[in-house]
Amino acid sequence: MEGRPLRVDAMRLDVVTIHPGLFGPFLDEAMVGIARRKGAAKLAVHDLRDWTHDRHRSVDDTPYGGGPGMVMKPEPLVEAIEAIAGPKGPERKAHVVLLSPQGRRLDQVRLEELAGREHLVLVCGRYEGVDQRAIDLAVDEEVSVGDYVLSGGEVPAMALIEGVVRLLPGVLGNPESAESESFHEDLLEGPQYTRPAVYRDRAVPEVLRSGNHAEVERWRNERARERTRERRPDLVSGAQGDER
Ligand code: 9D3
């Protein structure tokens, strides 16, 4: 027995950012908006500058040792995180995630793990990085969304939120007790079609209009494998989830 505890009330998600305005419509529209309105998720966005104390509301400073760019200073970050999540330690209920290029790459397995938490605090990095002491003192884990350069953690936080929210029970045809079958097909979807049957001289493949469900199933499976082999050989080559 045992297993992941079933959540009773809404999942809480708090975002800490110096660009709270980026999250406006994102929280109200589409899947995230539906999840909030259904009461499955409670989201709040916090302006990091609310935890500054100086006249200029500074959140960054020059790096010790020199180098380009600026580093996020520790005081506002640690104070913000502790105010929202409580101090780091066994008493803390929230799981604090720093979106950072140094983090573990997000994938569906990580999303399912995160969706099982009752409270996530997402901290968006900016500038060249974050003072290591703030990470050590207040952050539980670092997460990246992939090996390409963005300007900060805000868009990665939105990717994480959308990926988590759609897994919450009662959001989008998810059973209330999401015994979320950890089922990852590691196969790309093949080509898909809808009406009209012929568009600009291009016909929908005959087999899909044949009504032969077994043939359709076989055709789809072949196209999916073909496409996966061509576009994502990393998914095929037995590199099952690790490395890559
Ligand atoms: C010296 C190299 N730096 C800039 C070219 C490193 C660097 C610092 C800060 C690169 C990106 C960033 C800002 N990015 C994020 O905060 C970030 C991120 C990303 O850039 N890619 C993928 N996932 C993430 S999560 C946070």
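Colleague: Why is Ser 144 called buried?

Modeller: This is a predicted model, so the value is computed from predicted coordinates. Ser 144 has a relative accessible area of 7%. Buried means under 20%. Therefore Ser 144 is buried.

Colleague: Where does Ser 144 sit, and what does Ser 144 touch?

Modeller: Ser 144 belongs to strand β8, residues 141–144. Leaving out residues up to four places away in sequence, Ser 144 touches Ser 100, Pro 101, Gly 103, Arg 104, Arg 105 and Leu 106.

Colleague: What makes the pair of Ser 144 and the backbone nitrogen of Gly 146 a polar contact?

Modeller: The backbone nitrogen of Gly 146 lies 3.0 Å from a polar side-chain atom of Ser 144. The cut-off is 3.5 Å, so the distance qualifies.

Colleague: Which residues come nearest to the ligand, and which element gives the largest share of the shell?

Modeller: There are 17 residues around the ligand; Glu 128, Val 145, Gly 146, Tyr 148 and Leu 150 come nearest. β5 gives the largest share of the shell, three residues.

Colleague: What makes β3 and β4 a pair?

Modeller: Two bridges join β3 to β4 (residues 71–72), and the strands run antiparallel. At least two bridges are required, so β3 and β4 pair. In β4, Met 72 is the bridge partner of Asp 60.

Colleague: Why are β3 and β7 called edge strands?

Modeller: The open sheet has three strands in the order β3-β4-β7, with mixed pairing. β3 (60–61) and β7 (129–130) each pair on one side only.

Colleague: What does the largest nonpolar core hold, and which element gives the most to this core?

Modeller: The largest nonpolar core has 31 residues. Among those with the most contacts inside it are Leu 13, Phe 23 and Leu 122. α6 gives the most to this core, six residues. A second, separate core has 22 residues, including Met 72 and Val 96.

How values were computed
Residues numbered from 1 in each chain as written. Predicted model: local features only at pLDDT ≥ 70, side-chain atom pairs only at ≥ 80, totals over all residues. Heavy atoms only, no water. Core = buried A, V, L, I, M, F, W, Y, C linked by side-chain atoms within 4.5 Å. Buried < 20%, exposed > 50% of the residue type's maximum accessible area, 1.4 Å probe, protein only. Helix = DSSP H or I, 4+ residues; strand = E, 2+ residues; numbered from the N terminus. Polar contact = N/O pair within 3.5 Å; in protein donor to acceptor, adjacent residues only side chain to side chain. Contact = heavy atoms within 4.5 Å. Near = heavy atom within 4 Å.
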